[in-house]
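Here are some notes for a first look at this structure. Please read them with the model open.

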Amino acid sequence: MIQVLGCCFIESQRFFWQVLSSLAIMGLSTMWTADEIAQLCYEHYGSRLPKQGKPEPNREWTLLAAVVKIQPTADQACDRSDGPVQVTKEVVSMGTGTKCIGQSKMRKSGDILNDSHAEVIARRSFQRYLLHQLHLAAALKEDSIFLPGSQRGLWKLRPDLLFVFFSSHTPCGDASIIPMLEFEDQPCCPVSRDWASNPSVETSDNLEAPEDKRKCEDPESPVAKKMRLEPRTPGGTAHCQSFGSQEKGPNPPNVSSSNLTAEELASVTGMTPSGAQVMDVYRTGAKCVPGEAGDSRKPGAAYHQVGLLRVKPGRGDRTCSMSCSDKLARWNILGCQGALLMHFLEEPIYLSAVVIGKCPYSQEAMQRALIGRCQNVSALPEGFGVQEVKIQQSDLLFGQSRCAVQTRKADSPGRLVPCGAAISWSAVPEQPLDVTANGFPQGTTKKGIGRLQARSRISKVELFRSFQKLLSSISEDKWPDSLRAQKLATYQEYKEAASTYQEAWSALRKQAFGSWIRNPPDYHQFQ
């Protein structure tokens, strides 16, 4: 009798999760809107993040990114109505920031943040959240987002959960190369598929005239020199040369006009199908990596070549950090969890959607940068694949964005500059906040570098420490096979031992991202 009841319970549980799973994969537009996601993130920024690390009023601006968990309410499993799906939305990680460090400041101890762009901070904060949830799962806590997988030591995401990535601005790099049409007179007007039929324009004094842009192409012109001091690209980054040792492998095919959408073709030819003149393109400060075809740097709309891998600029010192467009494209195939956490997961943790705040925007450019460049990648390990992530834009402007601050600043004296600090927030019970500058906790002195208190909680070494803490909380007989096969010690060894993740990463590099710049192995030998 007990055995029969147990079987019935298991079947009812399975049916419950199947129903919730089917609800979770229903049309995302019935569950939330882009404006709802943006508003939730803006409110979270205002109420949960400290004043420390935020921009100085009327003088500084920043970028915001976050991961939002979306979950159908429990009563949806019993509700058979045809009405909209009711969901709960919760910010589980958030990041702000606009900076990244140069190559000369990188450290082999893993205790510095190389890349502090908001998107990267939000993703690393998300990894911290996932580690906490795995701790809950290993302790058999019912409120974890994970369920036991089919193999020993592995976990899988509850099927009723979705994760949406929010960014207040288009990611730097390929997604920020956007046509600038002749009727546009300000930088916050979205450039989308319906621009020809609905060319809504707002007024703003924050405009870089096309003639100034062309002057900037002469590196010795006064305008170009000013631009190097005060960047005016969509990502708010300055121009610099790309560099670095790169992964050897075949280069991806060049982007040709036959593969371009109407807007992308317009950015090259200078004319849209309807005859509207493309005056220029919004520039990205990210520069092509060695091995890529490179930008033409011709005046006007032909300045950039689209579809290429790019590296983020630094202030004088070159960086090893790939653009946020490139990183989001990578996460769309490999997942957001990274190599370490893949040891404990049956499948990667993918984003279901990406929402962008009000800013210069092109649906085609976003689609190309995040999905199109990798859409033909094949022969991936089981569980990995190119995701058809939904991409949407909100009409809500981030109050601390460059555009918003510039509008409020009006004719106030002084130069508008990006905020030098970065804020990390994770939905974890202990010390959820982390404020950094130049890759270290804000206030760290040169003398203090190297000490435990001088480590960001989302630095490589601290996330590795949290991973090891999780591993030590689990009895060895319950470890996943990937961690039982060999004795591992260093960060690099643990990453390389995640064989399915490394196989997927290798396939992505060989088929699409052959010029990806990778940090030398000696930067990952810490324990």
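1. Start with strand 2 (residues 64-72) and strand 3, which run antiparallel and are joined by 9 bridges. This is a predicted model.

2. Look for Gly95, whose bridge partner in strand 16 is Ser424.

3. Is strand 3 mostly covered or mostly open? Strand 3 spans residues 87-96 and is mostly covered, with 7 of its 10 residues buried.

4. Now turn to the helices. Helix 3 (residues 118-138) and helix 11 (residues 460-472) have axes that come within 10 Å and cross at roughly 10°. Angles under 35 degrees count as roughly parallel, so helix 3 is roughly parallel to helix 11. On the helix 3 side, the contact includes Arg124, Leu131 and His135. Helix 11 brings residues including Lys460, Phe467 and Leu470. By class, this contact of helix 3 with helix 11 has 6 nonpolar, 3 polar and 4 charged residues.

5. Helix 7 (residues 324-334) packs with helix 14 (residues 499-511) at an angle of about 130°, the axes being 10 Å apart. The two helices are therefore oblique to each other. The crossing of helix 7 and helix 14 is right-handed.

6. Which residues make the contact of helix 7 and helix 14? Helix 7 supplies Arg330, Ile333 and Leu334. Helix 14 supplies Tyr501, Ala504, Trp505 and Leu508. The residues of this contact divide into 6 nonpolar, no polar and 1 charged.

Terms used: Residues are numbered from 1 along each chain as its sequence is written. This is a predicted model: local features need pLDDT of at least 70, side-chain atom pairs count only at pLDDT 80 or more; totals for chains, interfaces and linings use all residues. Side-chain values use heavy atoms; hydrogens and water are left out. Buried means under 20% relative accessible area, exposed over 50%, partly exposed in between (1.4 Å probe, protein chains only). Helices (H or I, at least four residues) and strands (E, at least two) are DSSP runs, numbered from the N terminus. Two strands pair if DSSP finds at least two bridges between them. Axes are lines fitted to C-alpha atoms, for helices over the stretch in contact, and angles run from 0 to 180 degrees between N-to-C directions. Angles under 35 degrees count as roughly parallel, over 145 as roughly antiparallel, 65 to 115 as roughly perpendicular and the rest as oblique. Contact means heavy atoms within 4.5 Å. Ala, Val, Leu, Ile, Met, Phe, Trp, Tyr, Cys and Pro count as nonpolar, Asp, Glu, Lys and Arg as charged, and the others, Gly among them, as polar. A crossing is left-handed if the near helix is turned anticlockwise from the far one by less than a right angle, and right-handed if clockwise.
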